[in-house]
Each structure stands twice: as structure tokens, then as C-alpha cells.
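Subject: A structure for you to explore

Hi there,

Here is the structure I promised to pass on to you. Please open it and have a look around before you read my notes.

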Amino acid sequence: MASSSCNISPPIIPIFVFFLLVSSSFCPVRSSETGSLHAKNQTFRPEVELQKLKTIRELLNKINKPPIKSIQAILYYFAPLISPDGDIIDCVLLHHQPAFDHPRLKGQKPLDPPERPSGVNPNGMGGEDFQPWSMSGESCPEGTIPIRRTSEEDMLRASSVRRFGRKRPRRRVRRDSTSNGHEHAVGYVSGDQYYGAKASINVWTPRVSNQYEFSLSQMWVISGSFGDDLNTIEAGWQVSPELYGDNYPRFFTYWTTDAYQATGCYNLLCSGFVQTNNRIAIGAAISPTSSYNGGQFDISLLIWKDPKHGNWWLEFGSGVLVGYWPSFLFTHLRDHASMVQFGGEVVNSRAGGFHTSTEMGSGHFAGQGFGKASYFRNLQVVDWDNNLIPLSNLRVLADHPNCYDIQGGINRVWGNYFYYGGPGRNVKCP
């Protein structure tokens, strides 16, 4: 990995009329309304394409804030997956970040660090240098935050420009849902009041079969019913070619207050999460990663509700605060969570009528154990008195166990843990 500091001006969106003409005539087209892939000859409609580019320009001007410094990363450490350019990381003044476009935050400054839960033990990676863009020593100055720059290519790649940076809404959202192509292998607790959660998550580079699928491993802090009022706070790592244009595992966050319909977004792609850290870029790649029968790498994440102000904070490693979700974003989560969930999720588009070969975790089943299967370890929740406590009733669930499975356990070193994952399509998962 290498990175360099350079004066890179905010992006100006060119009118790619020739590019759009060629792609409209010859390339497979993904419908933004249905999400299906289909190839057809299309009549070029310049007024439609120009309006789309105008919409993209407006969104980019809203998302990408003027930087005081920019850093370009060279992501060559994933050989043979080589990116000649890598991400552009913009150093943006704290109070200019997208969160402060929200009417409730305009004119304000980020809050001071809150009281951390008692019982926090050093666990997982403790430093901030887990992203390639910062490994050469380049960083954003104090008073700024690093933001991965969104490009016009990112938006042109999206299945829907209007919903860029959001998960697709689901008609029926449940942790064990088999609808809409989302498949899970998760551990969860419910039936109590939860004020946060903590886990160490094994990082891999799973294969994702096509641009419109993803593979992720994360924590969900959940409240509300599994209907239109679902509130979630999410953090972990994901491989998403549609969102990022590559197959690198990336650190991400998400939130919603209406079951992924109209509110919330990934990372800093809308007004919501307030970042306070100048060393971690949400949405940037993670390095190193784990290898089969080789070295294992995990990241430790803690989400908890500040007892004083009620905001939900995110911590990485041992004491590295990333930022917070303001409590006013939520309805049910203004009070507490009713469920905490840990685990993996993939999208199965069933291209060609078969189950996807998109991998979850390491791409190997839970029974293969340490060094081969993915894991979550040291699972804990935060109670009403801001104490980190072990789980008492962890349940595990895989909705397609022949494709991706999960096995839980407990010991003195890892506390509550589980192995999970799988290869997707195989003899038992056609």
C-alpha cells in the first residue's frame, strides 16, 4: 500500500454523452425500477440521460464536501486484485461533514466523548492503522475527518441513482427472512432491553458473484417491529461491487428508522452519522485480512447508548471513537434496543436460475473451525446501567444451512462466539 497527498479539486461531472450512447446500445442494462438484469438494444434518449447526469451532479455536490486536503491511496496489497488509483480520501472540516446538513444539526459542533461502558476490556485490534490509505503516515489534520470521495462512476454503477447509498427496501423484513434474496447466518439475543453491543469480527475477502450482490459481516442493534417501523444501527465490514466498484472488504456503517424504505444510508452518504475521528475513513478498505489456514485478523466494534445525551456511539478497537448516531434520528431506538444480532448476510440474485456462488465470510462452513471458517467472538451487550455483560441466551440461525451455516459455543477466552459462513452454491445448495 502506498498513498500520496495531493491537491485534488472536488469532482466536476463531465457529460459522458458518447459513453452513455455506447453503453445504452450494447451493454446489459439493469433496470432501476425492477432491479433485474436484461440485455436489449435501447434507443438513445439524450434528454433522459442528460437529466440523469444532472441528478448525479446535484447529488455529488451534496455528498462531496470541499476538502482542505486530499489523499489518494494505491490499493496494490490485494494482489492480484490491483487498483491503479484506489480511493480518494478528502479531509473535510468537522462541521462541514454531511451530518450537519440536517436541520437539527445546522450550526452545531460534534459532541464531546461520552462515558464508556464499564467492563470494557482490550480486545481485537487497538490501533487506527487498519486502512491502506493511512498506512504511509498520511492523515487528515485535527479538526477534519477523512471521507471517501464518491465519484460519478459510483453513481452510474448503482441500480438506482435515486436510492444510491441505501439498501434496497424489503416488503417483509425479518431476521429469518428468505424473501427478496437476502440470506443470513446469525446469532441473536432478544426479549430484554439492550443499550449496546460489542464483538470482534473476523475479516475476509469473500468472492461476490456479480455486481448487484454483496457479502457482509456486521452487528445490528434493532428496535421496533419487523414492519415499516423497524429501527436499526449497523456496523461491520462488507464486499459490495455495486457500492464501491471493487471486491475489497470495507469498514461500513448503516442506519434506518423505517425498514430501509426512505430513511438512512451507508456510511456518510446522507445526513445522519456524525464522525469525530480524523484517522478512520468509513467506507475505505481494510487491511490485512484473514487467510485460509494462515493468519487471522479481526476488528473489534462497540456500539452503545450514551446515558447522558442518548446518542448511539461507535468505537473501534480499544478506545478509538469513530462518531455517533444522534438519538433524534430514531423513534424506537431513542429509548433502547429490543434485539441485538451478529452475523453474515449475502444477496442471492439467482442469476441463471441457480443459487449464487457469492461466499459468506471465508467461504467455508462453520464446522471447519479456526483458521478456515469465519467467526464472531467475545459477544457482549450493554445493560441499562451502562455495563458490558456477557450474553445469557444467544440463539443461532441459518435460513439456508446447506448454503451458509453457523455453530455457536462458549469458552473462557472467547466468551460467547460462533463460526459461520459458506460457499453458496454447491451440491446441496443448487
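Predicted model: local features only at pLDDT ≥ 70, side-chain atom pairs only at ≥ 80, totals over all residues.

**The disulfides**

How many disulfides does the structure hold? There are 3 of them. If you number the bonded cysteines of the protein in sequence order, the pairing reads 1-2, 3-4, 5-6.

Let's begin with Cys91 and Cys140, which are joined by a disulfide with an S to S distance of 2.1 Å. This pair links distant parts of the chain, 49 residues apart. To find the two ends, look for Cys91 in strand E5 (residues 88-93) and for Cys140 in the loop between E5 and strand E6 (144-148). Are these cysteines buried or exposed? Cys91 is buried, with a relative accessible area of 0%, and Cys140 counts as buried too, at 1% relative accessibility. The torsion about their S-S bond is about -80°, so this disulfide is left-handed.

Next, go to Cys265 and Cys270, where a disulfide again has an S to S distance of 2.1 Å. Here the torsion about the S-S bond is about -80°, so the disulfide is left-handed. Cys265 has 2% relative accessibility and therefore counts as buried.

That leaves Cys403 and Cys429, whose sulfur atoms are 2.0 Å apart in a disulfide. Which hand does this one have? It is right-handed, because the torsion about the S-S bond of Cys403 and Cys429 is about 95°.

**The aromatic rings**

Now for the rings: a search of the whole structure finds 20 aromatic pairs. One of them is Tyr254 with Tyr266, whose ring centres are 4.7 Å apart; their planes meet at 75°, so the pair is edge-to-face. Tyr254 lies in strand E11 (residues 250-256) and Tyr266 in the loop between E11 and strand E12 (274-275), so this pair ties together parts that are 12 residues apart in sequence. Tyr254 is buried, at 0% relative accessible area, and Tyr266 is buried at 5%.

Another pair to look up is Tyr375 with Trp414, which is tilted, with 4.6 Å from centre to centre and 35° between the planes. Tyr375 lies in strand E17 (residues 374-382) and Trp414 in the loop between E20 and E21, so the pair ties together parts that are 39 residues apart in sequence. Tyr375 is buried, with a relative accessible area of 3%. What about Trp414, buried or exposed? At 15% relative accessibility, Trp414 counts as buried, because the cut-off for buried is under 20%.

Tyr375 and Trp414 also belong to a cluster that ring pairs link together, along with Phe370, Tyr417 and Tyr419.

**Charges over rings**

Finally, let's return to Tyr254: the charged end of Lys167 sits over its ring, 5.2 Å from the centre. In another spot, the charged end of Arg425 sits over the ring of Phe354, 4.0 Å from its centre.

Enjoy exploring, and write back with any questions!

Best wishes

Conventions
Residues numbered from 1 in each chain as written. Heavy atoms only, no water. Disulfide = S-S within 2.5 Å. Helix = DSSP H or I, 4+ residues; strand = E, 2+ residues; numbered from the N terminus. Buried < 20%, exposed > 50% of the residue type's maximum accessible area, 1.4 Å probe, protein only. Phe/Tyr/Trp six-rings, centres within 6.5 Å; stacked < 30°, edge-to-face > 60°. Lys NZ or Arg CZ within 6 Å of the ring centre and 35° of its normal.
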